[in-house]
Amino acid sequence: MTDDGEGRYRRGERRTHAEPLTASWRLDTSTFRLDPDELAAEEAKRRKKKRRRRQPAWRILALPILIIVSGLVVWNTTQRHNTTRPTAAPSATVTAAAAPPVATERSVIPVDPGTGTAVLPPGPAVPRVGAGTWHVVPGNGPVVGKGTRVYHYEVAVEDGIDPAVYGGDDAFAQDVQATLADPRSWIAGGTISLQRVDASYPHPDFVVSLTTPNTDHRVDLCGHLIDFESSCWRSSARRVIINLARWVRGALAFNGDLGLYRQYAINHEVGHVFGNEHVGCPANGALAPVMMQQTFGVSDDYVHDLNQVDPGNRDRVARDGKVCRPNAWPYPQGAGNSVNQPPG
């Protein structure tokens, strides 16, 4: 091994200790040759960059324009939707969601029985005008009661009323017949009996007639002295007039109990057939006599004041401050327990 400086740095020779690190500047080009696949990849990259640089200007602008147009379409659709569909108030939405389910057939309206009970309660629409004539509902019933005097009655409905308003002829007739046959009705007095008959019976004692308000108000029937809907008994026509508006919507004094009011209306007007007149409340908190004008109310003072325009009833009820509870029956506890004057 020579000791000259060039020998120390000859390629491939082992260095001796303490030799300084040096690099050879003679390049061996064989070590830098690229593989053919790598050359092809590099060429593909160059072509791709060249194509990008040559893209026309419209392609560069297309994407921003498309974004702007899409935004305009969405905004326009939203505005049109908001103008054609009103939004509910947030408070109403919360209330509806939180409210418990309620019955929708009739709502009970709390009232002060001492005032303002003659007005017709809210409810379904009722036709005011019918034909002014009636048809008898077919059907007969047994004699009910133990009295020696038998009253025969027909059930009739005014022509021209949509049956859907009142439930149909048969339903009305059955309500009348069931009420008058009830042991709490007038038969409990022991002096009269009742029997329902139809048009084949020659001369009934009276006819219970469902009637529209305008026909009810005729001067030859109920008239309209008191400016509230009511029913009546017209002795000259032998006809009990049941006001359709009251039959459908009841009376405020009965606090939404339509069935009880209908029983009252039948018993009250039929009570006039037997000679009973209007009476007042006997004692505070007592059941009202069926002959009290409960369609208007159960307060003597209130009924008294209404009757001042009606000469036939002006002095029937005293202004004594008494207020009763609604009642549908002449004999609410059965025979021998009447809260009414006996039939005449």
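**Rings, charges and cores**

A: In this predicted model, the charged end of R149 sits over the ring of Y151, at 4.0 Å from the ring centre.

Q: Which residue lies over the face of W134, and at what distance from the ring centre?

A: That residue is R239, which lies 4.0 Å from the centre of the W134 ring. A charge is taken to sit over a ring when CZ of Arg, or NZ of Lys, is within 6 Å of the centre and within 35 degrees of the ring normal.

Q: How many aromatic pairs are there, when rings pair if their centres lie within 6.5 Å?

A: The count comes to seven aromatic pairs. One of them joins Y153 and F206, whose rings are stacked, with 5.5 Å from centre to centre and 15 degrees between the planes. Because Y153 belongs to strand β2 (residues 149-158) and F206 to strand β4 (residues 206-211), this pair ties together parts that are 53 residues apart in sequence.

Q: Are Y153 and F206 buried or exposed?

A: Y153 is buried, with a relative accessible area of 3%, and F206 is buried as well, at 0% relative accessibility.

Q: Why is the pair of F254 and Y261 classed as edge-to-face?

A: Planes over 60 degrees apart count as edge-to-face. The planes of F254 and Y261 stand at 80 degrees, with the ring centres 5.4 Å apart, so the pair falls in that class. F254 is buried, at a relative accessible area of 4%, and Y261 is likewise buried, at 1%.

Q: Which residues do ring pairs link into a cluster?

A: The cluster consists of Y151, W186 and F274, linked by ring pairs; Y151 is also the residue whose ring lies under the charged end of R149.

Q: Which residues of the largest nonpolar core touch the most other members?

A: A core of this kind is a set of buried nonpolar residues joined through side-chain atoms within 4.5 Å. The largest one here holds 51 residues, of which F172, L194, F206, V208 and V270 touch the most other members. Elements that each supply at least two residues of this core include β2, α6 (169-181), β3 (192-196) and β4, while the largest share, six residues, comes from α9.

Q: What is V208 in contact with, leaving aside its neighbours within four places in sequence?

A: The contacts of V208 include Y153, F172, V176, V240, I242 and V270.

Methods. Residues are numbered from 1 along each chain as its sequence is written. This is a predicted model: local features need pLDDT of at least 70, side-chain atom pairs count only at pLDDT 80 or more; totals for chains, interfaces and linings use all residues. Side-chain values use heavy atoms; hydrogens and water are left out. Rings of Phe, Tyr and Trp (its six-membered ring) pair if their centres lie within 6.5 Å; planes under 30 degrees apart count as stacked, over 60 as edge-to-face and the rest as tilted. Helices (H or I, at least four residues) and strands (E, at least two) are DSSP runs, numbered from the N terminus. Buried means under 20% relative accessible area, exposed over 50%, partly exposed in between (1.4 Å probe, protein chains only). Contact means heavy atoms within 4.5 Å.
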